[in-house]
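Welcome! Take a moment to look over the sequence and the model before reading on.

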Amino acid sequence: MANSIKYALLFLVLLSLLSLSNLVQATRGGGRFHPQDCRPKCNYRCSATSHKKPCMFFCLKCCSKCLCVPSGTYGNKQNCPCYNNWKTKEGRPKCP
């Protein structure tokens, strides 16, 4: 009887840890961003610019490397460090 209680408690602790792990992963985006998600995210990211073609080209290039696109149509690059830190040879931001 005592062993079955110990196993039940161990099972509940492991289940709790697994749930907590999934929750943390979900709040971080969980690596669930896939390359096929880039086009719709970049379409929205570039929707407010008058330079849609170059914006889409660079956004898709950055997204395929970083698997991340900042929210909104401008700014918010701090949400995606790889996207934010990729620079041109001149030191300007590569990603829109």
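## The largest pocket

In this predicted model, the largest pocket is lined by Pro54, Cys55, Phe58, Lys77, Thr88, Arg92, Pro93, Lys94, Cys95 and Pro96.

How much space lies in the largest pocket? The answer is about 210 Å³.

## Two helices that meet

Two packed helices are described by the angle and the distance between their axes. Here the pair to look at is helix 2, residues 38–45, and helix 3, residues 52–66. Their axes come within 9 Å and cross at roughly 135°. Angles over 145 degrees would count as roughly antiparallel and 65 to 115 as roughly perpendicular, so helix 2 and helix 3 are oblique to each other. The crossing of helix 2 past helix 3 is right-handed.

Methods. Residues are numbered from 1 along each chain as its sequence is written. This is a predicted model: local features need pLDDT of at least 70, side-chain atom pairs count only at pLDDT 80 or more; totals for chains, interfaces and linings use all residues. Side-chain values use heavy atoms; hydrogens and water are left out. On a 1 Å grid over the protein atoms alone, a cavity is a set of points where a 1.4 Å probe fits but cannot get out, and a pocket is an open set with protein on both sides within 12 Å along at least five of seven lines; lining residues have an atom within 4 Å of a point. Grid points are joined across faces, edges and corners, and a volume is the space filled by probe spheres set on the points. Axes are lines fitted to C-alpha atoms, for helices over the stretch in contact, and angles run from 0 to 180 degrees between N-to-C directions. Helices (H or I, at least four residues) and strands (E, at least two) are DSSP runs, numbered from the N terminus. Angles under 35 degrees count as roughly parallel, over 145 as roughly antiparallel, 65 to 115 as roughly perpendicular and the rest as oblique. A crossing is left-handed if the near helix is turned anticlockwise from the far one by less than a right angle, and right-handed if clockwise.
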